[in-house]
Amino acid sequence: MIEIPEGLVASQSEFNGAAGRSFIAGLPGLAGRFLEEWGLRRDGPALYGMCALVLPVVRVADGRRAALKLQAVDEETVGEPVALRVWGEAGAGAVGLLAHDAATGVMLLERLDERRPLTGVADARVTVGVLAGSLARLVAVPAPEGMRRLGDVAALMLEEAPRAVGALADEGERRLLLDCAAAVREVAGEPGDRLLHWDLHYDNILAGCAEEGRAGEWVALDPKPLAGDPGFELFPALDNRFDASEVVWRFDAMTGVLGLDRERARAWTLGRVLQNGLWGIQGGERQLTADHAEIARRLLGRG
């Protein structure tokens with residue numbers, strides 16, 4: 001019997017509606033099918049995030065511990081197995097992909113130490129350095145053909161922004177979001193070609209396992225990959241474990257480690273504020289998330 005965590009049920013219903021509820025309803029059968037087909041047995045309680053169920057498993061044939069990941073396939077997740085394969089071939093520090101079923105999106109992944117996320121490290125500045133190093137390895141890899149592209153994402157945001165900002169109640173926030181759009185417009189003609197993770201925050205980096213030969217290594221997982229400029233990668237590390245006084249320090253530290261042009265990186269980071277703001281407006285919000293607005297102000301020198 002596969003019990004689905006209530007948190008995953010709630011998030012799928014809230015964000016994906018009927019499609020999310022349908023995905024949840026099919027999870028027990030999907031998990032049972034691949035436990036049998038891939039010769040796996042359960043090896044611990046289920047884990048989950050906003051959109052995926054992860055079952056710790058053991059491969060019966062050789063005793064190798066692994067993780068069975070089940071998630072709905074959409075434009076954000078469809079590229080995950082492709083990215084993991086490319087990063088794996090490059091030795092870029094991402095979780096290993098052991099098996100993948102293209103029809104369902106189910107993946108069998110290398111086991112990491114879920115008890116040791118990077119967010120568990122108390123010194124926030126140390127975690128920024130680790131995350132920046134991880135990003136540097138990931139974005140050193142060119143994106144393969146067929147990956148969704150930052151240029152397309154930016155074009156849609158710039159088309160939508162002038163109409164959407166009118167839904168915000170505060171005039172200052174309307175100006176702020178339009179300033180974010182103006183910054184993106186300056187760099188949109190050169191959207192980049194690196195393989196981006198898009199969601200690399202401190203909980204998406206786990207300690208590697210000695211049995212996998214990765215003792216002492218921090219490993220990135222759960223990408224929502226796209227092809228683009230590495231400056232579009234920095235926002236999660238500013239927003240996660242948010243500290244307004246650390247925004248500029250973190251930004252400068254990451255641009256330094258990655259060797260990025262500061263102004264281009266600033267523009268693409270403001271693009272993430274724009275992206276999140278537009279999503280909020282589409283969901284009926286009439287104000288920006290306070291932390292996101294503060295990140296934009298700090299990067300624009302208004303903090």
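Keep in mind along the way that the model is predicted.

Let us start on the inside. The largest nonpolar core is made up of 70 residues. Within this core, the residues with the most contacts are Leu84, Trp87, Leu131, Leu195, Met254 and Leu274. Helix H8, which spans residues 262-282, provides the largest share of the core, eight residues. Leaving aside residues up to four places away in sequence, Leu131 touches Leu118, Leu200, His201, Tyr202, Ile205, Ala237 and Met254. There is also a second, separate core, with 19 residues, among them Leu8, Ala31, Leu40 and Leu68.

Now for the open spaces. The largest pocket has a volume of about 1,800 Å³. It is lined by 49 residues, and the closest to its centre are Met50, Cys51, Asp199, Asp222 and Lys224. Several elements each supply at least two residues of this lining, including helix H1 (6-37), strand S3 (52-59), strand S4 (65-71) and helix H6 (235-239).

Helix H4 (150-164) and H8 each supply at least two residues of the lining, and the largest share, five residues, comes from H4. Here the lining has eight nonpolar, two polar and six charged residues.

Next, turn to His197, which sits in the loop between strand S8 (194-196) and strand S9 (205-207). Is His197 buried or exposed? Its relative accessibility is 1%, so His197 counts as buried. Its neighbours, not counting residues up to four places away in sequence, are Trp87, Leu138, Asn204, Leu221, Asp222, Pro223, Lys224, Pro225 and Glu233. You have met some of these names already: Trp87 is one of the residues with the most contacts inside the largest core, while Asp222 and Lys224 are among the residues closest to the centre of the largest pocket.

Our last stop is helix H9, residues 290-299, where Glu294 is found. Glu294 is a charged residue, yet at 18% relative accessibility it counts as buried, because buried means under 20%. Glu294 touches Phe242, Ala244 and Gly303, again not counting residues up to four places away in sequence. Its side chain also joins that of Arg298 through a polar contact of 2.7 Å. An α-helix has 3.6 residues a turn, so residues three or four places apart point the same way. Following H9 comes Gly301, whose phi is positive, near 75°.

Technical notes: Residues numbered from 1 in each chain as written. Predicted model: local features only at pLDDT ≥ 70, side-chain atom pairs only at ≥ 80, totals over all residues. Heavy atoms only, no water. Core = buried A, V, L, I, M, F, W, Y, C linked by side-chain atoms within 4.5 Å. Buried < 20%, exposed > 50% of the residue type's maximum accessible area, 1.4 Å probe, protein only. Helix = DSSP H or I, 4+ residues; strand = E, 2+ residues; numbered from the N terminus. Contact = heavy atoms within 4.5 Å. 1 Å grid on protein atoms, 1.4 Å probe; cavity = no way out; pocket = protein on both sides within 12 Å on 5 of 7 lines; lining within 4 Å. Points joined across faces, edges and corners; volume = space filled by probe spheres on them. Polar contact = N/O pair within 3.5 Å; in protein donor to acceptor, adjacent residues only side chain to side chain.
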